[in-house]
Amino acid sequence: MTNMWNSTAVGVLALVGGLTLSTSVAAQDVTLRSSDGTVNMSGAFVEFSDNTYVIATALGELRVSASRVNCEGAACPDLGGGDASVTIGGSDTVGLGLMPLLLEGYSGSIGAAADILNTGNGDDILAELIGDEGFGEELGSILVSSTTSGDGFAQLLDQQVEVGMSSRRIRPEEARALRDSGAGNMVSPTQEHIIAVDSLVLVTNPANPIDKLTTEQVRQIYTGQISNWSQVGGPNVPITVITRANGSGTRAVFEDRIFGDDTPSLTSNAVIASTNSEASQIVNADEGAISYVGYAFQRGANALTLVNECGIETTPDAFSARTEEYALQRRLYLYSREDTITEEASEFLDFATSEAADSVIGKAGFIGFAVDRREQALESDRARALLDPNADSYEAGFMRQMLSQMVNYDRLSTTFRFRTGSAQLDERGRIDKDRLMKYLETQPAGTELLVVGFTDSVGQFDGNLGLSQQRAAQVANELLSTSGGQLANISIDSVGYGEIAPSGCNSSEEGRRINRRVEIWIKAPV
């Protein structure tokens with residue numbers, strides 16, 4: 001049995017929806033509850049077999065797959081997990097949102113089936129891997145404990161887990177502490193594994209007509225300066241601010257993107273949600289609520305467009321997340337120690353970072369590294385910005401040149417980024433290059449590729465123009481040199497446009513990081 005509802009449970013849930021079913025309270029009573037709140041059943045415990053709970057309720061005996069619910073109550077069976085072959089801990093965004101399907105995908109890649117069940121210990125899940133697609137011997141098990149990113153690094157430090165999950169990059173002090181404990185270089189490609197990209201989506205109740213907010217308005221809402229939706233053009237409804245606990249990687253990314261280096265003083269009325277699922281539940285139940293959740297946890301809530309300080313609007317879609325141009329995008333990570341990693345854990349990490357994992361990452365509602373393609377039309381926001389009548393006359397010439405080229409090409413989501421003043425790709429560059437090469441191998445002969453460089457606005461315009469051209473040429477040369485002749489039927493050229501057409505605000509380090517990029521444009525043969 002894999003991580004699916006059995007047919008009986010599906011029928012039951014279709015009948016009861018989100019209702020709470022209960023019988024008279026007794027010592028043997030248990031409650032079966034899903035982490036997203038959609039299932040909440042109480043009844044007398046009957047048995048646990050074939051990865052399925054059986055409980056007696058007013059509707060008779062109900063069978064519910066253990067893959068989707070926690071069992072609460074003294075009569076709940078102990079499902080173990082203490083002797084798991086691989087232990088993983090950390091971010092609930094990764095653990096609850098992504099891991100169940102990633103574990104299923106991994107088991108399939110090794111010809112096994114995964115029996116995935118909730119252990120009854122918080123949000124822990126245990127995947128038992130059975131060989132021969134479920135008909136063979138048990139190959140081992142993987143235990144996943146979902147709390148916060150900070151917990152994941154602490155558990156790695158104490159060697160409680162082999163793999164740490166995080167919805168933010170490791171902090172320097174965390175990396176130093178792990179290095180000093182013998183864990184190795186935590187930001188090396190062999191220990192820092194980027195598995196997906198994600199957008200933190202600002203969500204409101206579906207009844208709320210507000211569809212966009214500026215970052216300044218978001219700051220004022222979260223600090224209590226704006227306390228009613230009427231202050232931002234909405235209904236006369238008090239705002240309920242939802243946030244996450246300290247230590248949450250989701251909260252850390254949100255506050256970094258919205259408040260920058262300033263330490264926010266959140267409104268005293270803020271509600272603390274323990275998980276992304278709980279945050280979205282509160283928003284959907286409260287007309288005045290606002291929260292931030294991972295891309296996969298919107299659950300019907302109203303997703304907002306963000307407008308930054310420079311007036312650039314970004315929408316939380318897959319393309320803007322893959323290009324890392326959405327204001328609240330982030331990377332999702334798995335980390336491992338150098339000194340304690342086992343062969344079983346290494347094999348799982350190899351799958352999680354492979355192209356084979358992209359489909360299950362997308363199925364889970366997250367965003368993998370597959371290559372998207374988008375038309376660059378004259379009606380786009382970027383095209384309108386390049387026609388700015390107030391632009392410096394010297395720079396305007398390059399803007400018009402870029403526009404005349406841009407409309408003849410589609411843009412690919414693959415976007416390479418650089419450190420300040422450097423022509424060295426950042427830590428995601430290798431992954432993007434591998435995915436891009438495989439995509440280009442499928443394109444017809446005569447396809448034209450234009451590698452287009454950009455910079456932030458630090459320094460002189462002409463110096464930035466030269467640096468952008470250098471970066472674009474470097475990427476073009478790397479594509480050619482590593483292609484092994486497989487791109488012989490594709491023409492590759494490069495150009496740089498310096499600091500024009502920014503995707504982020506150059507007033508912040510994050511905005512400057514977004515702007516230090518090389519884009520890939522593509523044109524089909526005529």
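Predicted model: local features only at pLDDT ≥ 70, side-chain atom pairs only at ≥ 80, totals over all residues.

Guide: Start where β21 and strand β22 (residues 410–417) pair up: they run in the antiparallel sense and share three bridges. Strands here are DSSP E runs of at least two residues, helices are H or I runs of at least four, and both are numbered from the N terminus. Two strands pair if DSSP finds at least two bridges between them.

Residues are numbered from 1 along each chain as its sequence is written, and side-chain values use heavy atoms, with hydrogens and water left out.

Now step back to the whole sheet. Five strands make an open sheet with mixed pairing, and the order is β21-β22-β25-β23-β24. The edges belong to β21 (373–375) and β24 (491–496); each has a single partner strand, so one side of each lacks a neighbour in the sheet. On average, neighbouring strands are turned by 30 degrees against each other, direction ignored. Helix α14 (residues 393–406) packs on this sheet and touches β23 (448–454), β24 and β25 (517–523), with its direction making about 40 degrees with that of β25. Contact, by the way, means heavy atoms within 4.5 Å. Axes are lines fitted to C-alpha atoms, for helices over the stretch in contact, and angles run from 0 to 180 degrees between N-to-C directions. A further helix, α15, lies across β21, β22, β23 and β25 and runs at about 150 degrees to β22.

The axes of α15 (residues 429–440) and helix α16 (residues 461–482) come within 11 Å and cross at roughly 60 degrees. The two helices are therefore oblique to each other; on this scale, angles under 35 degrees count as roughly parallel, over 145 as roughly antiparallel, 65 to 115 as roughly perpendicular, and the rest as oblique. The crossing of α15 past α16 is right-handed. (A crossing is left-handed if the near helix is turned anticlockwise from the far one by less than a right angle, and right-handed if clockwise.) K433, L436 and M437 of α15 make the contact with E478, L479 and T482 of α16. Sorted by class, that contact has three nonpolar, one polar and two charged residues, where Ala, Val, Leu, Ile, Met, Phe, Trp, Tyr, Cys and Pro are nonpolar, Asp, Glu, Lys and Arg charged, and the others, Gly among them, polar.

β13 and strand β18 (residues 305–307) run parallel and are joined by three bridges; within β18, V307 is the bridge partner of T214.

One more helix pair is worth a click. Helix α5 (residues 149–157) and helix α6 (residues 172–180) pack at about 15 degrees, their axes 9 Å apart, and that makes α5 roughly parallel to α6. Their crossing is left-handed. G150, F153, L156 and L157 in α5 meet E174, A177 and L178 in α6, a contact with five nonpolar, one polar and one charged residues.

Last stop, the sulfurs: a search of the whole structure finds two disulfides, each a pair of cysteine sulfur atoms within 2.5 Å. One of them joins C71 and C76, with sulfur atoms 2.0 Å apart. The torsion about the S-S bond of C71 and C76 is about -85 degrees, so this disulfide is left-handed.
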